[in-house]
Amino acid sequence: MRRAEAAVLFLAFSVAACKPPNANDPGANGGAGLNLPLAPKQLSLELASRGASVAFDALVNDLSTELERSQRGLATLNPAPYFVAYQVADQSNVRIEASDGALLTNARATNRSLDVDLRIGSQAKDNTHRIPGESSGSLKAAYALPLAGGREALSNVVWLATDQEYDIAKARWLRVEAQTDEEEPKDNLPRADFSIEEAVVYAQPRLETTLDEALWTDRIREVSRAAADYSEIQRSSAALSVVTETRYLVNTEGTKLQLSRRSVRVELQVQTIASDGMVLERFDSIDTHDLEALPNTAAITQRFRSLFEDIRALREAKVIEPYVGPAILDGRAAGVFFHEVFGHRIEGHRQDAENEGQTFANMVGQQIMLPSLTIYDDPSALRLNGVDLNGFYLFDDEGVAAQRAKLVEGGVLNGFLLSRTPARGFLRSNGHGRREPGFAVVARQANLVVDPAETVTPATLKSVLLSEVERQKLPYGLRFSEISGGFTQTQRYDTQAFKVIPVMVYKVYPDGREELVRGVDIEGTPLTALSKILVAANDFQVFNGLCGAESGWVPVSATSPSLLLSQVEVARQEQSDEEAPLLPAPSAGVSPTPRRAR
Amino acid sequence: MKYARIFALGAATLLLALASTARLNAETHGSVRVDAAPKAAPKVEAAGELPAELVPLVSAMDQELARSMKELARPNQAGPYYLGYWLLEVVHQHTEAKLGALLASEKGHTRYFRVELRVGSHDVDNSNAYPMGFGDDGMSFGVPLEQAPLDPNLQASRRSLWLLTDAAYQNALDVLEQKQAEQKSSSRLSSQAADFTKETLRSIITPKAQPLPAQQQLEEQVRSASAVFTAFPEVHDANVLADAWTLTRVLVSSEGVKSYEPSRFVRFSVQASSQAADGMPVVRSAAAFGDVDAGTLTQLARQIAEDVRRVRNAAIIEDYNGPVLFEGEAAAQLVYELLGATLSGTPGGGSGDSPWLQRLGKRVLPAQFDVFDDPTLEQYRGTKLWGGYAFDDDGVAAARVPLIERGRLRDLLMSRTPNEHRTKSNGHGRTAMGGWSQAAVANLLVEARGGLSRQALRNRLLSAVKEEGGEFGLLVRALEPREYSTSGAAAPQPQLIVKLYLDGREEPVRGAELFDLTPRALKDIIAVGNDPSAYHTTPLVAGIVPVAASIVSPSLLLEDIEIRKPSQRHELPPVLPRP
């Protein structure tokens, strides 16, 4: 419906006041010193097993033939490319949306598009080499291909696309070669423009969309009917989207891939305006790899109802006053927090770019957070504690096998998320090169997992919160149970700040009582925030979402247990000037509503 | 489906509901409402009936309209003086093919509610204030729009209208307050024109539209037409597209109007491009409106392919000053670009007042010309017209408007937004449903006395060339089709231009650019054909529905046109041979 972006994690590129990154706040790393009863972790990660390769679809052979033809022609040119890749995304989408028991959308679309990646120069230095003043990542063209068959049309599109991308690459390469003012590197770390990787040949069976549309239309309509019990709440919608996608990749190194996945997502949204004009929104989504994995209609409806209940409670809740003090981030909220505060800053391509803040560029080997914390990103993880993970894949969009990127071990920064564009000192990809069709690949998060070595029970976590409240002589602490999304600024001339939008926030009083508050914003700087983590609980939760950045939208997840931070800075949300409706909601039936006094 | 039964009485219920709406409006609630109430129940012109599946949505419109007009008001402020609810149903089919293969095949079905709400008075209200952008609640340029149920669900429809109306009202008050503050502080003279015309409207209900072609048929047509290009290797890229729409509009307004009109619209397009040996791009595109058969579409594709082949091998034009004959469809498009796109009498807006507003009564064309716009016509001298409707997007009945008589400008196209010279609409308010309506062409027809045959017209061109001591004249056969006119922007560039030598020989040329072409050029038309040809276009695109227009004109010979060879550097030809 109105705000489909609610559960979105976003990396913003605004230009704000100049402020250098703040890298020297040791914070209060008191966690190690606390003497707490430890509790066993409840974390089970199910890794995907790569099935036997099947026969390739005819499209892969056709693409290979076209690639060979292009290669022969391109080899005669000056400059000749040293690498060409063709990636085809074949997508089928179904979206069903209902509101107040009425169907709004039942749409279906299929498309097949081509991305061409073409490199001129050498792996040490090529047309993608950084040019000072240029930002990384870009929108490229995605070329429409025939939906099926169409050998001659395929050939025609590939030819035109290759020609166009060659012109672009050549023009860029001439600029790279003409560049004379490049700074000499200040360190001796090895660097390059394109990593050397093994070629892979692997085909998964192609998945097809199998959706009983009539059945699911009825179910979504039925779920949306829950709104009838909350007529004072203004807007709500329930939607199902099923995306079935097969990506095909061939390149001049001999890689041939055929990978198929299905993303099923139920989106539930509720929105109203509080009496003071504040817009209150709750969003929930259920992400699975298959329709069969979705809960039944009653369970989905129950989740929808709980959003309405939350909104009802939020309407009555008091607006928060500014606060600095300890807080618990529940698992899902902590996941979003790590995605924004940490995940976007360890993307490999941000470490070299002169226009990036490079928060972590020179911190490999240094302690950056609680020594018991380990963080990795693992796209090969299919499920966590039984929950399907959104960021799952077998090979990335550059044909590199998905693998666990060990980012933090024992609180020490260990590495970055890497595509085939190397970072200083890291010359191999770790399978995190991702894109939405039509964008240039960059390193992205997939399944981020915060995995502490030592954990306590949630009850212990709360008791530590309360003792921190007492120690800091505060009237209460805070607990964040849901964060709807956020954004972060990584560019050098930005504030380097992050912002997340918490929606369910509770004051926790010394007697353990909790009180819902609204209108909360968390802002901060990443290194400071990370250094404030004191203790982790053993209750892992998964946040599945979509993440937008330079290379478009990609599905991701972030998993974390609940965390206690010694200090969180909270501001009151900017006042919105929305106004509640003047007339009461139309009542069921056709009897006129009582006339309002003027 | 339970509501369908309750409201299945159809047209009879509709008429009863109409009467009750009128009664509700007759009640007054404070002085501001008086002029909103019609003197009597409006006339109804019913040639069809509202389909049963829309009845619950329209009932919701009735109920919320009555409730809002009666009760909606901020404390101590007036409620709306006008409320118009639109239900828009759009069915859109799209297919696209290249070299015999399907690139896209889509079909969509969407409904929208659109709420046009006015506070203040006809003299000064919240319209004509140009609020920019799309805000919350689908508020687009001051007129909120939101998806409406595909189910016959009365209660969900009422909720949707309730929230849209509230958003429209609160926004309208803010806009009006801001507008009045600006008018007070502004030193410039405020416009004498009011904001909304007073009209006596009638309800109009038209028959159902014919069904759209089957999706499979549209797929097959574009596929087979696109296969034509396999025989033309010198064409680098070519697509054939089909778009078919049914657009159903229902208006229920506080003036007592309840109107319903479904319309239907099919368009095929062929787009082909290549590069000459020197790299200069060669582009040719054309559209065919209506249910053209497979053979006609294939023939059009072949024609386009042959044009590209011919132009690609043609010599580059040299700079030229002199007479130019615009033949057939190119003449109709020229009339649209130079005249039709700016004949709107709607004041202000992004592009400013119509350049014609101050020329009312003056000569703008040679005396043998008459120009009128008539949305009530379905065809003109055997040519099907696509710009027609029974009522415009203000709910005003379509009417023929004589615009130019004996070369003199008599009138402009008017919506319900008046200007300093015109206080009534003439049934030409149109919008793609992206904001307030504005006046725009529907079916623009150019007639001229003393039309010549094509051959006589060419002879006239050659005698003009001879007089000036030239060796050849130019024929423009096709201009680049444009989705809409960006008035004031560069003229559309010729896609097909031919040298006509004194001995009657034709030679295609490429790279011609029309330079400095303004509406004044039309005053110097030296001869006209007797061959009315049509150009169909979509003049308004900022919105969610297609708005079609047809322009019919004979061929036109213009006395003094400046044509230049291409000024831009172009790409290199493809580095790889075509597979």
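Visitor: Is Gln93(B) buried or exposed?
Guide: This is a predicted model. Gln93(B) sits in strand S2 of chain B, residues 82–98. Its relative accessible area is 2%. Buried means under 20%, so Gln93(B) is buried.

Visitor: Which side chain makes a polar contact with that of Gln93(B)?
Guide: Gln93(B) touches several residues beyond four places away in sequence, including Leu212(B), Pro213(B), Ala214(B) and Gln215(B). One of these contacts is polar and joins two side chains at 2.9 Å. The partner is Gln215(B).

Visitor: What distance separates the C-alpha atoms of Ser553(B) and Leu102(B)?
Guide: Ser553(B) and Leu102(B) are 451 residues apart along the chain.

Visitor: Which strands are the edge strands of the open sheet in chain A?
Guide: Three strands form this sheet, in the order S2-S13-S14. An edge strand here pairs on one side only. The edge strands are S2 (45–47) and S14 (387–388) of chain A.

Visitor: Which residue in S13(A) stands opposite Glu46(A)?
Guide: S2(A) and S13(A), residues 381–384, run antiparallel. Three bridges join them. Opposite Glu46(A) stands Arg383(A).

Definitions and conventions:
Residues numbered from 1 in each chain as written. Chains lettered and ligands numbered in written order. Predicted model: local features only at pLDDT ≥ 70, side-chain atom pairs only at ≥ 80, totals over all residues. Heavy atoms only, no water. Pairing = 2+ DSSP bridges. Helix = DSSP H or I, 4+ residues; strand = E, 2+ residues; numbered from the N terminus. Buried < 20%, exposed > 50% of the residue type's maximum accessible area, 1.4 Å probe, protein only. Polar contact = N/O pair within 3.5 Å; in protein donor to acceptor, adjacent residues only side chain to side chain. Contact = heavy atoms within 4.5 Å.
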